[in-house]
Amino acid sequence: MRRGPRNALAGAATALAALVAVGAVQPALAFDPFGPSGTVVVTPTSSNQFAGTYDRGAGSREFSTRLGAPPGGGAGALELRTPGDDDRIQFGTDEIAGPLSRFRSSSYWAVRDPESTSGAMPSFQIAVDIDGGDLAPRDLHILSYVPDPAPAGTWTRYDVGSGTFCLARQIGAADAYRDCVAGGERRTLDQIIEAYPQATGYAAGVNQGGGTAGLVSAVDLVQVGNRTYDLDPG
Ligand SMILES: [Ca+2]
């Protein structure tokens, strides 16, 4: 499902934050400590709660076997293309909403097509209510994880939970990913939890776009919390 900037709040936010703004997420009520677990397969006809998208420009995504899959990832994955610097593809889930500590085990696999003219890799973002409770527009923050480059054509696993993040309040059309790449301060998840103990993650997933012209990639086995999403053509 495509989610565009259809209301004032979404217009003031971007990307994963928009999943929150259009009410795609559940209220922060009575979370169990760990949330959903296990592996589910996500195909063009079975989203399994991994269907929140916010795509812009000429970016495109397609379930495909063209770039294969990582070990244990079935036959295929989700291919992402951002021909221009302003194109963006996001693919995420709001199924794992809960305390930030729940996201420590997050990870994903990615591969860059050798024909890409960009050396970037798809990133990972978490939309956060910085003080928990009621979600006011000013509470929206984005955690951006920027992966290290990897050799083209090689599936690489990124351990998001043990990595570092830029924490950016979502103001206007600010691009949290671009700002992070440009030198934003990076902190571990534990440092962010210590500074903002009430912070709640509302949505999470992969992000490609914002200065990644010519990047063709694929992502698979996206783990959010304790749940893994195996992306596959079906
Ligand atoms: Ca797969």
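Strand 7, spanning residues 107–112, is mostly covered, with five of its six residues buried. The model is a predicted one.

Strand 7 has two pairing partners to follow. One is strand 14, residues 215–224, which pairs with strand 7 in the antiparallel sense over five bridges. Within that pairing, Ser107 has Gln223 of strand 14 as its bridge partner. The other is strand 10, residues 156–158. Strand 10 and strand 7 also run antiparallel, joined by three bridges. Here Ala110 stands opposite Thr156 of strand 10.

The largest nonpolar core holds 55 residues. Tyr108, Ala110, Val128, Ala218, Val219 and Val222 touch the most other members. Strand 14 gives the most to this core, contributing seven residues. In soluble globular proteins, nonpolar side chains tend to be buried together.

Take Val128 from that group. Setting aside neighbours within four places in sequence, Val128 is in contact with Leu100, His141, Ile142, Leu143, Ala199, Thr200, Gly201 and Tyr202.

Is Ala58 buried or exposed? Ala58 counts as exposed because it has 12 C-beta neighbours inside 10 Å, and the cut-off for exposed is 12 or fewer. Ala58 still has contacts beyond its own stretch of chain: not counting residues up to four places away in sequence, it touches Pro83, Gly84 and Asp87. Asp85 lies 27 residues from Ala58 along the chain, and the C-alpha atoms of the two are separated by 9.9 Å.

Technical notes: Residues are numbered from 1 along each chain as its sequence is written. This is a predicted model: local features need pLDDT of at least 70, side-chain atom pairs count only at pLDDT 80 or more; totals for chains, interfaces and linings use all residues. A residue is buried if 20 or more other C-beta atoms lie within 10 Å of its own, exposed if 12 or fewer, and partly exposed in between; C-beta atoms are placed from the backbone. Helices (H or I, at least four residues) and strands (E, at least two) are DSSP runs, numbered from the N terminus. Two strands pair if DSSP finds at least two bridges between them. A nonpolar core is a set of buried Ala, Val, Leu, Ile, Met, Phe, Trp, Tyr and Cys residues joined through C-beta atoms within 7 Å. Two residues are in contact if their C-beta atoms, placed from the backbone, lie within 7 Å.
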